[in-house]
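Here is a short briefing to read alongside your structure.

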Amino acid sequence: MRFKPDELTRLRRGIMKRGQTLSTVLADLLAGKQHPSMASILAAKPGLRPEEAVRKMLDEVEARRKLIDADDDAYGRCDVCGEDLGIYALGELPWADRCHAHASV
Ligand SMILES: [Zn+2]
């Protein structure tokens, strides 16, 4: 792995926290509650119902956690070009799966 054990622990914790947040949002949406804080994120995924968009994000976050758990070198790299996103970017968004150039793909 390219990361130190304590870095991985921290990144994994960040991913878990994100997953919990998204799970809560998903449960709220399914219960018919609004989530104004998610509006901008949902707007970036046109064509999907809010709960579908959140479920998709949850799946993506979960997939990243599995990469960490599997010691998979794909963790922390761009899904498109394989660029190493680096510990600083991952510190901000541990579930990141795209470099800047491919962020909107
Ligand atoms: Zn890329």
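A nonpolar core is a set of buried Ala, Val, Leu, Ile, Met, Phe, Trp, Tyr and Cys residues joined through C-beta atoms within 7 Å. Please keep in mind that this is a predicted model. The chain holds 4 helices and 0 strands, and its pattern along the sequence reads α-α-α-α. With a radius of gyration of 14 Å, close to the 13 Å that the globule rule gives for 105 residues, the chain is as compact as a globular protein of that length.

**Overall fold**

- The C-alpha trace spans about 40 × 25 × 20 Å along its principal axes.
- Of the 105 residues in the chain, 20% are buried.
- Among contacts with a separation of 6 or more, 53% are made by residues 24 or more positions apart.

**The nonpolar core**

- The largest nonpolar core has 13 residues, and those touching the most other members are Leu22, Val25, Leu26, Val54, Met57 and Val61.
- Helix H1 (5-30) and helix H3 (50-69) each supply at least two residues of this core.
- H1 gives the most to the core, with 6 residues.
- As background, nonpolar side chains tend to be buried together in soluble globular proteins.

**Helix H1**

- The 26 residues of H1 should span 38 Å at 1.5 Å a residue, and the distance of 37 Å between its end C-alpha atoms agrees with this.
- Buried in H1 are Leu11, Ile15, Arg18, Leu22, Val25, Leu26 and Leu29.
- H3 and H4 are included in what covers these buried residues of H1.
- Gly32 follows H1 and has a positive phi, near 90 degrees.

**Helix H3**

- H3 has 20 residues and reaches 29 Å from its first C-alpha to its last, close to the expected 28 Å.
- Its buried residues are Pro50, Ala53, Val54, Met57, Val61 and Arg64.
- Seen down the axis of H3, these buried residues fall within an arc of 95 degrees, so they line one face of the helix.
- A general rule to recall here is that an α-helix has 3.6 residues a turn, so residues three or four places apart point the same way.
- Asp59, Lys66 and Asp69 are exposed on the other side of H3.
- The cover over the buried residues of H3 includes H1 and helix H2 (39-43).

- Asp71 sits in the loop between H3 and H4, and comes just after H3.
- Although Asp71 is not a glycine, its phi is positive, at about 55 degrees.
- Is Asp71 buried or exposed? Asp71 is exposed, because 9 other C-beta atoms lie within 10 Å and a residue counts as exposed at 12 or fewer.

**His102, after H4**

- You will find His102 in the segment after helix H4 (86-92).
- His102 has 13 other C-beta atoms within 10 Å, so it is partly exposed.
- Leaving aside neighbours within four places in sequence, His102 is in contact with Cys78, Val80 and Cys81.
- How far apart are the C-alpha atoms of His102 and Ala63? They are separated by 18 Å, while the two residues are 39 residues apart along the chain.

Definitions and conventions: Residues are numbered from 1 along each chain as its sequence is written. This is a predicted model: local features need pLDDT of at least 70, side-chain atom pairs count only at pLDDT 80 or more; totals for chains, interfaces and linings use all residues. The radius of gyration is taken over C-alpha atoms; the globule rule is 2.2 Å times the number of residues to the power 0.38. Two residues are in contact if their C-beta atoms, placed from the backbone, lie within 7 Å. The expected span of a helix is 1.5 Å times one less than its number of residues. The arc is that of the directions from the helix axis to the C-beta atoms.
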